[in-house]
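Biologist: I would like to learn how to read a protein model step by step. Could you give me the general idea of each feature before turning to the case at hand?

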Amino acid sequence: MSPPASRPSLRPSGAFRAVPRLLAVACAAALAAQTAGCGSSAVQGPDTAAAIASIDARLRGSFRLVRFEPEVPLEPMLASMLEFQYAHLIVRFDGKRILADSPGLHVDRAYEIRDPVWDRFKLISYDEAGIAYEAVCEFSSQGELIVYAQTPPWKGVATLRRAQ
């Protein structure tokens with residue numbers, strides 16, 4: 001299956017080039033993640049479409065990045081850029097695209113939902129070159145979106161909260 005066509009997006013320059021990877025992590029917009037519980041217990045058959053539609057309805061809308069816990073400490077420049085994003089980064093899911101914006105940064109990527117199991121699902125996103133990345137996401141009991149990411153330098157766990 002071919003990845004969905006990407007629309008052109010503005011590309012950040014300089015030190016902000018690394019930040020789109022964070023968005024990929026935070027939104028599952030570009031990561032390979034694996035957690036227990038998403039294998040054989042995944043919804044199968046005709047119920048899959050209904051489960052994906054349910055996850056999609058809950059995912060649509062805007063979220064703010066509120067936390068990122070890196071597996072390995074970030075270098076000082078990336079850590080300070082990440083700190084800035086907590087107050088400014090808004091990530092919007094529209095059913096087909098992830099749009100993430102903050103001052104100096106705009107990311108626009110296609111995505112799809114797979115393997116829904118209750119509040120947990122796999123989110124596949126596609127970068128500008130059409131390369132697929134995976135993240136395992138789950139809705140917490142507090143209504144936050146937790147994203148488990150495995151791609152350096154943003155390997156770790158991101159938390160997104162519904163934007164007001």
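Modeller: Let us begin with pairing: two strands count as paired if DSSP finds at least two bridges between them. The strands themselves (E, at least two residues) and the helices (H or I, at least four residues) are DSSP runs, numbered from the N terminus. In this structure, strand 6 and strand 7 run antiparallel and are joined by four bridges.

Biologist: Before we go on, what kind of model is this, and how are its residues numbered?

Modeller: This is a predicted model, in which local features need pLDDT of at least 70 and side-chain atom pairs count only at pLDDT 80 or more, while totals for chains, interfaces and linings use all residues. Residues are numbered from 1 along each chain as its sequence is written, and side-chain values use heavy atoms, with hydrogens and water left out.

Biologist: Which elements make up the protein chain, and in what order do they run?

Modeller: The protein chain has three helices and eight strands, and from the N terminus on the elements follow the order α-α-β-α-β-β-β-β-β-β-β.

Biologist: How many residues lie between strand 6 and strand 7 in their hairpin?

Modeller: Five residues lie between strand 6 and strand 7 in that hairpin, and Gly 143 in the turn has a positive phi of about 85°. Phe 139 stands opposite Leu 145 in strand 7. Strand 6 also pairs with strand 5 (residues 120-126), in the antiparallel sense and over seven bridges. Strand 5 and strand 6 form a hairpin with five residues between them, where Gly 130 in the turn has a positive phi of about 85°, and Tyr 126 stands opposite Ala 132 in strand 6.

Biologist: Which residues other than glycine have a positive phi here?

Modeller: Most residues other than glycine have a negative phi. Among those with a positive value are Asp 115, with phi near 50°, and Trp 118, with phi near 55°. Asp 115 lies in strand 4 (residues 105-117), whereas Trp 118 lies in the loop between strand 4 and strand 5.

Biologist: Is Trp 118 buried or exposed?

Modeller: A residue is buried when its relative accessible area is under 20%, exposed when it is over 50%, and partly exposed in between, with a 1.4 Å probe and protein chains only. Trp 118 is exposed, with a relative accessible area of 80%, whereas Asp 115 is partly exposed at 27%. Over the protein chain, buried residues make up 45% of the 164 residues.

Biologist: How would I use burial to read a helix, and which residues of helix 3 are buried?

Modeller: Helix 3 (residues 76-88) has 13 residues and reaches 19 Å from its first C-alpha to its last, close to the 18 Å expected. Its buried residues are Leu 78, Met 81, Leu 82, Gln 85 and Tyr 86. Seen down the axis of helix 3, these buried residues fall within an arc of 155° (the arc of the directions from the helix axis to the C-beta atoms), so they line one face of the helix. The face turned away from the buried side carries the exposed residues Pro 76, Glu 83 and Ala 87.

Biologist: What is a salt bridge, and how many are there by that rule?

Modeller: A salt bridge is a side-chain nitrogen of Lys or Arg within 4 Å of a carboxyl oxygen of Asp or Glu, and by this rule the count comes to 11. One of them joins Asp 56 and Arg 60 (2.8 Å, N to O), where Asp 56 is buried at 14% relative accessibility and Arg 60 is partly exposed at 43%. Asp 115 forms another with Lys 122, the closest N and O atoms being 3.4 Å apart, and Lys 122 counts as buried at 18% relative accessibility.

Biologist: Where do Glu 144 and Arg 67 lie in the chain?

Modeller: The side chains of Glu 144 and Arg 67 meet in a salt bridge (4.0 Å, N to O). Glu 144 lies in the loop between strand 6 (132-139) and strand 7 (145-149) and Arg 67 in strand 1 (residues 61-70), so the pair ties together parts that are 77 residues apart in sequence. Glu 144 is buried at 8% relative accessibility, while Arg 67 is partly exposed at 34%. Arg 67 and Glu 144 are also linked with Glu 69 and Arg 161 in a network of salt bridges.

Terms used. The expected span of a helix is 1.5 Å times one less than its number of residues.
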